[in-house]
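User: Could we go through the strand pairing in this structure together?
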Amino acid sequence: MLKRTKVKDLLALDGEKDEVLVKGWVKTRRDAKDFSFIEVNDGSCLKNIQIIANNDLKNYDEIKKITTGSSVAVNGRLVASVGGNQKYEVVATEIEIYGLAPEDFPLQKKKHTDEFLRTIAHLRPRTNKYGAAFRIRSELSYAIHKFFQGRGFKYVHTPIITGSDCEGAGEMFQVTTLDLNNIPRTKDGKIDYSQDFFGKEAHLTVSGQLNGEMYATALGDIYTFGPTFRAENSNTPRHAAEFWMIEPEMAFADIHDDMDLAEDMVRFCVKDIMENCADDLELFEKYVDPNLKATLDNIMNNDFARITYSEAIDIMKKSGKKFEYTPEYGIDLQTEHERFLAEEYFKKPVIVRDYPKEIKAFYMKQNPDGKTVAAMDVLVPRIGELIGGSQREESYEKLTARIKELGMDVKDYEGYLDTRKYGTVPHAGFGLGFERMMMLVTGISNIRDVLPFPRTPNSINF
Ligand code: 4AD
Ligand code: MG
């Protein structure tokens, strides 16, 4: 039996073919006098294949009922197309209709808003734009693996349910099997977690970093790539409650190695997408962000700027620009600051390092100045923070002191502290928000449109 050929592979053939089998969903159908033109897309690429259905086909009456969204299997001859738009078309010898789509199929040939398409997230991958976005998402995931595997990094699967709070920011979703209508209490009125599934409080992970460090201090260079959860109640175009993060961790590395790795990774991914998703990228350049190619070329052709946090504050103070939050030494950088630095001042990605320790996580390496930590954030035009990372504090004493200083319970971090107790090494790593990288390479401006099924405050459909 003849196997189906994907449209992408058909269009790559260098010659006509007597018999091919194509399967897909109908984009449009229009009738001429003695035949019907059917545009079929199978998701393998942006392009459709045009089918010519002549009126001598035995089920021509049925074929004339084919609507947008219907699914078909077409046997036929692959011939060079006479019309200028496509390389080949298929002259059908047989058309099987799997399923018709009634006229209420929401994706009729007209332009839909992103907001509307979010309400039909289950169907939007059938549009050109979302098909392209999610093909790019797949390629970008593969590019991440190619980059790290190519450098000998080992892929570690860190747990999704966790008993510790990596970032210490308290933005965690709780995991419990307790009956919320009848919560067991201890004598002093507190929730009795000894009766919960794990015998203690549990949450969805906000980062795999702590587990990643444990593996890096055994395997050397590792990376994680998995779902991450944050119960931040911020409804912004850049935050999702469930997103994917890539977290490399390198033993025997410092903050400069970390910045080099981040920069190399971003460039590798951009290059990969430019090479392997050219058609899909063109769609985004044409309909979503007219500066997309320029942005990506800029990333490929220029080194990222590198400055310290205090230099960043100085630049913003001297700029004379009015910010909503006035830049002062000690503040956490806001998106408006990050965008100003990358978009307006440097006009390219910039890495800011050495932040005040008060605004960063407990595990970061304390710099000799006693005030700052060896943290680094990669900021990019349009998006702001793309990557956050640091060299880690490798001193058992300093790290323990910092945990205590912040009022955290040392007992919760015993395993983590063991990596410093038994053969500690300098090490560094970072976290890349995968969706932010998707936004960078596609020009899509809302994180809800690069996640197949986005989860945000008050929204969990499909
Ligand atoms: O800067 P963050 O919070 O860093 C960490 O979690 C560290 N443990 C990483 C590490 O050093 N291993 O998060 C890392 C990145 C951010 O730069 C951002 O791109 C993304 O994760 N991110 C989010 N993306 C989408 N929605 C959210 N709510 C995000 N929060 C962070
Ligand atoms: Mg951060």
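**Strand pairing**

Analyst: This is a predicted model. One open sheet has three strands in the order β7-β9-β8, paired in the antiparallel sense.

User: Why is one side of β7 and of β8 left without a neighbour in the sheet?

Analyst: β7 (161-162) and β8 (174-175) are at the edges and each has a single partner strand, so one side of each lacks a neighbour in the sheet.

User: How many bridges join β8 to β9?

Analyst: Two bridges connect β8 with strand β9 (residues 202-204), and the two strands run antiparallel. Within this pair, Q174 lies opposite H203 of β9.

User: Changing topic, to β15. How many of its residues are buried?

Analyst: Strand β15 spans residues 384-391, and six of its eight residues are buried, which leaves the strand mostly covered.

User: And how many bridges join β14 to β15?

Analyst: Strand β14 (residues 372-380) is joined to β15 by six bridges, and the two run antiparallel. Here D377 faces G388 of β15.

User: What about the hairpin of β14 and β15: which residue takes a positive phi?

Analyst: That residue is R382, with a phi near 75°; three residues lie between the strands of this hairpin.

User: How many bridges pair β15 with β16?

Analyst: Five bridges pair β15 with strand β16 (residues 427-433), again in the antiparallel sense.

User: Which residue in β16 is the bridge partner of S390?

Analyst: The partner of S390 in β16 is G429.

User: What do strands of a sheet pair through, in general?

Analyst: They pair through backbone hydrogen bonds, in either a parallel or an antiparallel arrangement.

Definitions and conventions. Residues are numbered from 1 along each chain as its sequence is written. Chains are lettered from A and ligands numbered from 1 in the order in which they are written. This is a predicted model: local features need pLDDT of at least 70, side-chain atom pairs count only at pLDDT 80 or more; totals for chains, interfaces and linings use all residues. Side-chain values use heavy atoms; hydrogens and water are left out. Buried means under 20% relative accessible area, exposed over 50%, partly exposed in between (1.4 Å probe, protein chains only). Helices (H or I, at least four residues) and strands (E, at least two) are DSSP runs, numbered from the N terminus. Two strands pair if DSSP finds at least two bridges between them.
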